[in-house]
Each structure stands twice: as structure tokens, then as C-alpha cells.
Amino acid sequence: MHPRRLRSALTVLGAAATATALALGPAAPATAGTHGPAPAGRAATAHGLTSVTDLLAQRLLLADKVAAAKYGTDTPIDDPVREAQILDDVRARASSLGLEPDAVAAVFRDQIEANKLVQRALYARWDAHPAERPTERPDLTKEVRPALDRITSGLLAALRDTERARTAPACGPRLATAAGWSAYTHRLDAPHLEGMGRALPSVCAAPR
């Protein structure tokens, strides 16, 4: 997405999240870690791109478990080897789905950076507020990565199914509206909202 278009989209994202909250009425405070579908009967009001943005939100929420697994250990937030493996894998799978491999890799690169952004925010929070530090350490290999892999498969399918919408001229504002809806329904807090903004830039693609 062009930088100017992205800035506009992020502005709409904040407005959309607020507007959605006002339209739907009172809800519980936004907190990370809440998974679940849109309220019954209301999902139809969200744009088709929510099939993508819901998965982006789910991936961002898993950053909490990634951070909890790594915090206080020698495992760094940045893992170039693992990141390269993910990008190589999605390039290969994109080809089999008829998608442009480099464009798909760009989307997943943004997800990786968004995930790391959330992890760093959580580290800073836990450093400043020891009482909020996680009390359990999830298993990165057995628990977290399989969940991330399932989201990867779902996101690849969603990118395929929304290719027409993602190459449309109106993709930017529609994506921001969908992201606002997903941010509300998944109750993203401030770090995860920032992560959502970082996750969006490559979703809208140039027409093929």
C-alpha cells in the first residue's frame, strides 16, 4: 500500500473501531487474548476483507504467548532463521494457490514485524510492572507454533479468496474498516491495535 494511502487507512482504522463500538453499544473493556467470532447477526455488516483482518487479529493475539514463552530467556524476539523459513514456505504455498509469491511473502513479512512490535510492547510493560509478568511459559514448539501454522493456512486461503477485493481501488479504506471491525470484535488493546496497523500495508495488492 502506498504510504499516503496507508496513513489514510490507519486514520480510518481508528475511526472505524470507534464508530463500530458506538454503533454496537457498550462492551467489555478491550483486552488482549480474547478470541471469538463477531456477535451473531452482526458479522454480515462487516466487509468481506474481515476474513483477512480477523486472522491478522488472531495472529497478533498469539504474540502474547510468543512473548510469554521467550520473556526472561535467552531466546530473542528476532529470529531471522525462523522468519526466513516462514517466508520461503508461504512463497511455495502461494504458488500452488495461484497467488504471486513475493506479494504474499510481503504480507507475511508485515505479520512477523507486527508480531514483534507487540512482543516488544509486552516486554516493556512487564519490565515496568513485574506484577503483570506471565506466570506460565507456553511451549513455543508444541503449543504456539502449531497455532501460528493454522493461522498461516487460513490466511493463505483468505488472501486467495479476497484477491479481487484486495486489488480493487477501494481496498485501502475497506481494509481499514474491516480492521476496525476485527479490532473491536477481538477487543484489541493499544499495543495490539498498533500491531494491526503494522500488519496492514501489504494486504492491498496491485492488480495483476
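I began with the link of Cys171 and Cys204: it is left-handed, with -85° about the S-S bond. The two cysteines form a disulfide, and their sulfur atoms are 1.9 Å apart. I took a disulfide to be a pair of cysteine sulfur atoms within 2.5 Å. By this rule I count one disulfide. Cys171 lies in helix H7 (residues 171-185) and Cys204 in the segment after helix H8 (190-199), so the pair ties together parts that are 33 residues apart in sequence. I then checked burial. Cys171 is buried, at a relative accessible area of 0%. Cys204 is buried too, at 9%. Buried here means under 20% relative accessible area, exposed means over 50%, and partly exposed is in between, with a 1.4 Å probe and protein chains only.

A note on the source: this is a predicted model, where local features need pLDDT of at least 70, side-chain atom pairs count only at pLDDT 80 or more, and totals for chains, interfaces and linings use all residues. Residues are numbered from 1 along each chain as its sequence is written, and side-chain values use heavy atoms, with hydrogens and water left out.

Next entry: H4 and H8. Helices (H or I, at least four residues) and strands (E, at least two) are DSSP runs, numbered from the N terminus. The axes of H4 and H8 come within 8 Å and cross at roughly 160°. That makes H4 roughly antiparallel to H8. Axes are lines fitted to C-alpha atoms, for helices over the stretch in contact, and angles run from 0 to 180 degrees between N-to-C directions. Angles over 145 degrees count as roughly antiparallel, under 35 as roughly parallel, 65 to 115 as roughly perpendicular, and the rest as oblique. H4 passes H8 in a right-handed crossing. A crossing is right-handed if the near helix is turned clockwise from the far one by less than a right angle, and left-handed if anticlockwise. On the H4 side I listed the residues that meet H8, among them Asp110, Ala114, Leu117 and Arg125. Their partners in H8 include Pro191, Gly195 and Arg198. The contact divides into six nonpolar, three polar and five charged residues. Ala, Val, Leu, Ile, Met, Phe, Trp, Tyr, Cys and Pro count as nonpolar, Asp, Glu, Lys and Arg as charged, and the others, Gly among them, as polar.

Where does Ala114 sit? I found Ala114 in helix H4 (residues 101-128). Ala114 is buried, with a relative accessible area of 0%. Ala114 touches Leu60, Gly195, Arg198 and Ala199, leaving aside residues up to four places away in sequence. Contact means heavy atoms within 4.5 Å. Leu60 is 54 residues from Ala114 in sequence, yet their C-alpha atoms are 7.2 Å apart.

Then H2 and H5. Helix H2 (residues 50-70) packs on helix H5 (residues 140-161) at about 165°, with the axes 10 Å apart. H2 is therefore roughly antiparallel to H5. H2 passes H5 in a left-handed crossing. The contact uses residues of H2 including Leu55, Arg59 and Leu62, and residues of H5 including Val144, Ile151 and Leu155. By class, I have 14 nonpolar, three polar and four charged residues for this contact of H2 with H5.

Last, two single residues. Thr50 is in helix H2. Thr50 is buried, at 12% relative accessible area. Thr50 touches Ala178, Trp181 and Ser182, again not counting residues up to four places away in sequence. Tyr184 is in helix H7 and is buried, at 17%. Tyr184 and Ala57 are 127 residues apart along the chain, and their C-alpha atoms are separated by 9.9 Å.
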